Amino acid sequence: MTLDISITRSDHPRSDAELAEILANPGFGMHFTDHMFTVEWTPEKGWHDARITPYAPLTLDPATAVLHYAQETFEGMKAYRHADGSVWTFRPEQNAQRMVRSSHRLAFPVLEPEDFVQAVDALVEVDQRWVPDNSGTGGEKSLYVRPFMIASEVFLGVRPAQHVTFMVIASPAGAYFKGGIKPLSLWLTTEYTRAGRGGMGAAKTGGNYASSLVAQQEAIEHGCDQVVFLDAQEGRYVEELGGMNMYFVHADGRVVTPETGTILEGITRSAIIELAQKAGHTVEERKFSVDEWRGGVASGEITEVFACGTAAVVTPVGKLMWPDGEVGSNQGEGGPLTLQLRKQLVDIQFGRSEDVFGWMHRVV
Ligand code: PLP
Ligand code: COI
């Protein structure tokens with residue numbers, strides 16, 4: 001606890017009735033809590049002025065660097081309410097450490113992981129009534145937390161900003177995909193790539209998402225839910241989706257997931273690796289070609305394909321389409337391992353099973 005956080009409570013928080021209406025059907029990323037966290041950095045003062053204030057628009061000078069050069073990094077995590085009313089986050093130190101790695105890539109100052117976790121905890125605690133209660137419903141609603149760092153210096157020269165702002169906002173979340181858990185259809189883009197060697201693929205930065213949009217649009221135009229990116233160098237190896245990592249389950253029990261380097265190192269991804277290993281599966285992190293995918297599904301060697309991420313949890317993949325073909329899946333509405341790992345993960349997150357890995361962090 002090294003930040004000295006001042007708290008100014010909103011004098012116009014959402015009424016209980018309004019909040020109940022929002023939490024009944026939160027969607028994703030549409031409603032925001034009553035408060036936000038801010039801390040600023042300059043070379044002279046370091047991180048300073050940590051504060052929680054009423055949620056409000058920012059006033060930015062049009063020459064603010066982030067608006068021009070996209071020096072930005074963000075995180076995505078969730079707070080879960082357990083049946084006893086307590087509120088927990090999932091491996092928040094992992095998000096904090098990933099933001100440190102992203103900060104290095106984006107030439108930002110480092111916000112110490114313990115300060116990151118303290119900031120998230122402080123906002124979630126102040127806005128704890130926004131963490132949905134699923135008791136008795138079997139639901140999986142949570143509070144999505146979005147920490148982010150921006151170049152807030154007013155300067156059009158191209159260099160790392162000398163004024164940086166880190167903020168945390170939060171938004172209640174239901175299912176990320178409309179229609180809940182149903183197999184995703186994926187579009188393989190052969191034109192666009194997400195990240196190359198030495199690029200920003202492993203960093204969680206807005207530019208990666210901006211560059212994914214046109215490919216995602218192409219996916220939607222072809223009737224698919226999400227886009228799959230291949231490696232930039234050879235155009236052969238599966239990297240990840242616009243916002244999720246991928247897994248391929250084999251008939252002999254092996255589970256393959258693309259190796260890290262140019263992909264986002266998902267925190268759900270690493271949890272799935274541990275859960276699958278604990279269940280006796282061999283997990284291979286390696287290059288995995290799209291030909292291996294197509295061939296494996298056709299031969300029956302690949303029995304399940306799924307994607308995972310904080311927002312989307314674990315979601316089965318139904319089919320893969322590309323400009324002149326498609327391959328289905330062998331798993332119907334979701335294969336047994338996909339559904340088992342999904343259940344194990346959400347049961348830990350919502351406190352319905354023992355946290356044997358020590359992943360959960362109590363906030364309230
Ligand atoms: N890959 C991308 C591009 C993402 O945006 C995300 C979501 O955060 C993931 C993978 C999964 O990461 P995590 O499990 O940490 O949410
Ligand atoms: C997440 O799962 O947290 C993501 O960031 C995916 C998307 C909402 C950007």
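A salt bridge here is a side-chain nitrogen of Lys or Arg within 4 Å of a carboxyl oxygen of Asp or Glu.

First, the ground rules. This is a predicted model, where local features need pLDDT of at least 70 and side-chain atom pairs count only at pLDDT 80 or more, while totals for chains, interfaces and linings use all residues. Residues are numbered from 1 along each chain as its sequence is written, chains are lettered from A and ligands numbered from 1 in the order in which they are written, and side-chain values use heavy atoms, with hydrogens and water left out.

Now the layout. The protein chain splits into domain 1, residues 6–173, and domain 2, residues 184–349; the bounds come from an automatic or database domain assignment. Between the C-alpha centres of the two domains there are 27 Å.

How many residues meet across the interface? 22 residues of domain 1 are in contact with 23 residues of domain 2, contact being heavy atoms within 4.5 Å. The area buried between the domains is about 1900 Å², and carbon and sulfur atoms give 54% of it. Buried area means the accessible area, with a 1.4 Å probe, that two parts lose on being put together, summed over both.

Three salt bridges cross between domain 1 and domain 2. The interface also has 16 residue pairs in polar contact, both residues at pLDDT 80 or more. A polar contact is a pair of N or O atoms within 3.5 Å; within protein, one must be able to donate a hydrogen and the other to accept it, and residues adjacent in sequence count only if both atoms are side-chain atoms.

On the domain 1 side, β4 (72–74), β5 (77–81) and α3 (92–105) each supply at least two of the touching residues. Helices (H or I, at least four residues) and strands (E, at least two) are DSSP runs, numbered from the N terminus. The largest share, six residues, comes from α3.

Next, salt bridges in general. The count comes to 22. In one of them, E40 pairs with R51, with the closest N and O atoms 2.8 Å apart. E40 sits in strand β2 and R51 in strand β3 (residues 46–54), 11 residues apart. Are these two residues buried or exposed? E40 counts as buried because its relative accessibility is 14%, whereas R51, at 23%, counts as partly exposed. The cut-offs are under 20% relative accessible area for buried, over 50% for exposed, and partly exposed in between, with a 1.4 Å probe and protein chains only.

Another pair is K287 and E259, whose closest N and O atoms are 3.0 Å apart. K287 lies in the loop between β14 (283–286) and α7 (290–299), and E259 in the loop between β13 (255–258) and α6 (267–278), 28 residues apart. K287 is partly exposed at 44%, and E259 is partly exposed at 32%.

There is also a network of salt bridges, which links D252, R254, E284, R286, E292 and E301.

H31 is in the loop between α1 (16–24) and β2 (35–42). What does H31 touch? Not counting residues up to four places away in sequence, H31 touches I22, P26, A170, S171 and P172. With 23% relative accessibility, H31 is partly exposed.
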